[in-house]
Amino acid sequence: MQRSDVRRESPTFTQVWPQEAWQALATRIFTMAKGGGETRLNFNSDWLGFTRWARNRVSVSGDRNNNTLTIGRSLNSDGQYLTLNTVDDAALQQAMQYLEQTITQHRHEYLTHFQEPPFQADDYLHPTLWFDKTVALDGGPRAQAVQQVISPAEQAGMVSAGYLAVTATGVAVDRPALDMELYYPTTEAQFSITVRNPQGTGSGWAGVNWNDWSRIDIAQLTTTALHKCLTSRNPVAVEPGRYTTLLEPQAVYDLTHVIMGFLSWDGNFRRRDFPFHDESVPIRTKIGQQLLDTRLMIRADPMDPDLGFVPFDSNGEPYRPAVWFDKGVLTHLSYERRFAVQQGLGNVGLLNSGCFRLEGSGPTTTVDEMIATTKRGILVTRFNQIKVLDFPSLLESGYTRDGLWLIENGKISKPIKNFQFTESPLFSLNNVEQIGVPQRVFCPGSAAMVPALKVRDFSFTALSDAV
Amino acid sequence: MTLSRRALLQYSALAAGTQFLPFSSTRYWRQHQSRTTDVLLDDIIAGHIDTELMLSLARRAIEAATAAGATYADVRLTHTLSEAYTSGNIGVYEGDLGRRSDFPDRGVPRITIGGTVTPGGGVGVRPQDIAGIPNLVIGFGVRAFVRGYWGFASSPYWSDADAVRLGQDAATQAADNARAGQPRAVDLGKIPLVQHGQWIQPGIDPFAVPVDEKLDVLQSLLELPVQGHRSADSILGFPGGMSLSLWRETRVFASSEGASYSQVRYQCQPGLFQVGLRGDLERGERDVTWSTSWPADPLPARGWEAVRDLDQDHMVETLLARARAERNTVDLGIKPVEIGKYDIVFGAPAAAGLVYYTLGVATELDRAMGYEANASGTSYFGPDPMQYLGTAIASPHVNLTADRTTSHAVATAKWDDEGMPCSAFPLIKNGILVDYQTTREQAHWLEDWYTKNGMPVQSHACAVAETALDCPIQMSPNFTLEPGAEAIDVNDLIRDTERGVYFSSGRAQVDQQVKNGMYRSEPSIPREIRNGKLGPVLIGAGVLFSSQELWKNVVAVGGAASAQYTGQGETKGEPSQSGQCNVRAVPMKVKDCAIVDTTRKA
């Protein structure tokens, strides 16, 4: 053991590793591999700058750098991997030595072999995900920005808490056996704010994440959260039951994003637990069936200017534009390239990144119009603590929070106490009355464009008087 | 469910191939594996651990922070080595896209250390393997205090240059906000100064175990789910399996007040046991997919001896018996839920879950004060937590103690991440709320209460950073729901109940204020209690509760012999951090609870 090596200077970058630095490191690692076979690398180099506040004062502001390096080493189709976050030569040498020694201890043969052709350059899309304005938001500018949002809440006599964070990440996948050298720089800014009154009887929230900091209007979000707090104070109880319900985009996202996790041919659940598979017949799916309202479409495209996500997964397989539901019909489930080749579906898989755009065809309706056309209903800001009770139907249970109002005769009549709900997103997306314009919602690390929806017969099962 | 002929044949082959193998035998392994070299993961990638070096880097960072204007700074360096072994999905499969269709004819799963890289490119685990994923995370984090504001900086680079950079950056972050923001009052108080503290958890370092021994033990552990799957009633296609996690953390702390320590902790825990058992539908049985965390007893913060000395045969029989008990509902009968008020008997694990989610989380002072309002949530003890101190918030049967000192519990440490010695402290005495969980900064918020009651204004050592890459926040200690004076157990509580429901274990879902919740019995089953006897299963029954009422309605708790440990976890903070703790609880009886059908819509 060469302990003295630890002090040797490692290359440090205050934000992310540029591609040249990463390639130099990758080359160093590849030369450490002995005895043929394949070495594959995944490398994420991250910078996080964050400012957190509560009770109208910043509670901490910080910078965090980290790297995640996963080395996969295979020989004769036996393989293993390990993950580490230190990149000095001594540690890397030792990691490689460990991998190679443990591979040769255990010889296994693969039962099925799949010869992979390399991906072609034009298999990959190139969305713009790096924004200098996001990276420029370090501690000083964040301190200024946060004061701008704390002031209005404090002046109104309210208490705000929130989080402003920016990340910059270099995502790399290197698989020499496939001539694959992928590197993608990406940034993300997230902002969320909770405003409560000092008595704790009202609460409002707003938040969003974008790759580009300049697309976040923190003043507008603060106004929204403050307004929701002020108008949700001293709620009254109304009976649980089924209501015509106006779900703001965040509530629609909270309720429906679970669907994305099941748009897969394969998975770790028993098939009977899949909402989009037919339990009685292996590999039979519900593709082609009308599962949602005929106006609804769910799709994802890395090039969507309002959605943008890293255009490949951790195996380096490209994400392609995908339409998952068209006119309410399930059109695809995701599959890897192996499946595509086996099934004669081409040379590239159809992968699901989890990012999505939910939108309606035909006329859109604003939330104000939805309210104006509602005789009696409930307006929901967002849900939380959601738990899936039943996978085949995706029945969920959870709570409303941060602003819930009763609508009577086309107007918001009063704030009401929160509910526990028990409802399936598949049921709600089949009982849609009106559809809004999709907008970005808060889902850090992911991206979603989701409209407000007015749905019938939403099931609120119990009062929950938490604020 | 129809069996394909192929699957049946494979299943028979499996049974035939393994019937002569004694359980927990290492002979098979020896025959089929070449002699391993004595390579320790520890030797290979753990070369960084040199606590003197870690301390010198910490001091360098503190100097840089104070030179940049910090009036207080503390530093952590952590070296965290973990290995999570997960078995492949051990089961018999009916062609699943060709990926899991071939159960190995050898029958007994094999072990690889390290994962497997599938030819298709994905990193996967084949059905017959148990894969260990080594993970090394090193961290270096500096927290600096300037005129009431905190700044933080962390990186994975252990170098002099980064020590200086991090120290300066943390102080700059704090100063930027002190300049931009309104004055902020913080009083860190005084704490006992630990100097050159050293603590190594007793036990065998799991990363210093000879590879041969490790493989032998892993091999026998891997047979546990196979044993489960050998039973004729196992569900084909259910991905059974088990996991084992090994963890060691070396943590060095230093502060500008001159405090310094190093502490080493281990966790060795079989993680999950899952089997699927097929019910005979004609007899009214249902399928049971039984997936359970390993019982937290013995507690998991132990060295390798915890894994080595497990009585595996006894363990697997116990777990299978529990799964079968859930399946054999035919003997019990099934009844639809009749909504209404019932007396509820919660078994010890169920009570522990409720303690954690409705008292443990609620007495986190940062939550109660609104510091987590935009993250994990608030507490029903807010917005003014002081008004609840000294008041009855539970029935006199409820006594709750917090601690970070219980041997082998996961939240136990010698010092917290501010250098405060860990201790035990009461939160609820005879139903009266007497304290909250605190850090140094938070202890001062309770100054009036402490002074009035002659208690020291001092942190309860609940400051925790998940790794040195994270900034310390308040995290849950371990909890104990203290036993009652009478030596009664759960059967006594049931015997004493006229019309009620029994929940042996389950999970609480609570709102963001921890004020209301739903208790569901998964994976166990709720049973009706009639005239002191357990009756039919109440399918879908759940308890809809208000946390405050629930604890005020506790009418009896079990005696010391009925106490059990469970493991609990939480995620809080922004950026979010995970914490773990152990909760020891006794069974309890709660009157007048609302029973509802959890699967019914409005």
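A charge is said to sit over a ring if NZ of Lys or CZ of Arg is within 6 Å of the ring centre and within 35 degrees of the ring normal. With that in mind, let's take a friendly walk through this predicted model, starting at a tryptophan in chain A.

**Arginines over a tryptophan**

Trp210(A) has Arg440(A) lying over its face, and the charged end of Arg215(A) also sits over the ring of Trp210(A). Here are the distances:

| Charged residue | Ring | Distance to ring centre |
|---|---|---|
| Arg215(A) | Trp210(A) | 3.9 Å |
| Arg440(A) | Trp210(A) | 4.5 Å |

Across all chains, the whole structure holds 31 aromatic pairs. One of them joins Tyr72(B) and Trp150(B) edge-to-face, with 6.1 Å from centre to centre and 85 degrees between the planes. Tyr72(B) belongs to strand 1 (residues 72-87) of chain B and Trp150(B) to strand 6 (residues 149-155) of chain B, so this pair ties together parts that are 78 residues apart in sequence. Tyr72(B) and Trp150(B) are both buried.

Chain A has an aromatic cluster too, made up of Tyr243(A), Phe383(A), Phe419(A), Phe421(A), Phe458(A) and Phe460(A).

**Chain B as a whole**

Stepping back, chain B contains 14 helices and 28 strands. It has 602 residues, and 64% of them count as buried. Among the contacts in chain B with a separation of 6 or more, 77% come from residues 24 or more positions apart. The accessible surface of chain B is about 20,800 Å², and carbon and sulfur atoms account for 50% of that surface.

Key. Residues numbered from 1 in each chain as written. Chains lettered and ligands numbered in written order. Predicted model: local features only at pLDDT ≥ 70, side-chain atom pairs only at ≥ 80, totals over all residues. Heavy atoms only, no water. Phe/Tyr/Trp six-rings, centres within 6.5 Å; stacked < 30°, edge-to-face > 60°. Helix = DSSP H or I, 4+ residues; strand = E, 2+ residues; numbered from the N terminus. Buried < 20%, exposed > 50% of the residue type's maximum accessible area, 1.4 Å probe, protein only. Contact = heavy atoms within 4.5 Å. Areas by Shrake-Rupley, 256 points an atom, 1.4 Å probe, with all protein chains shown as cover.
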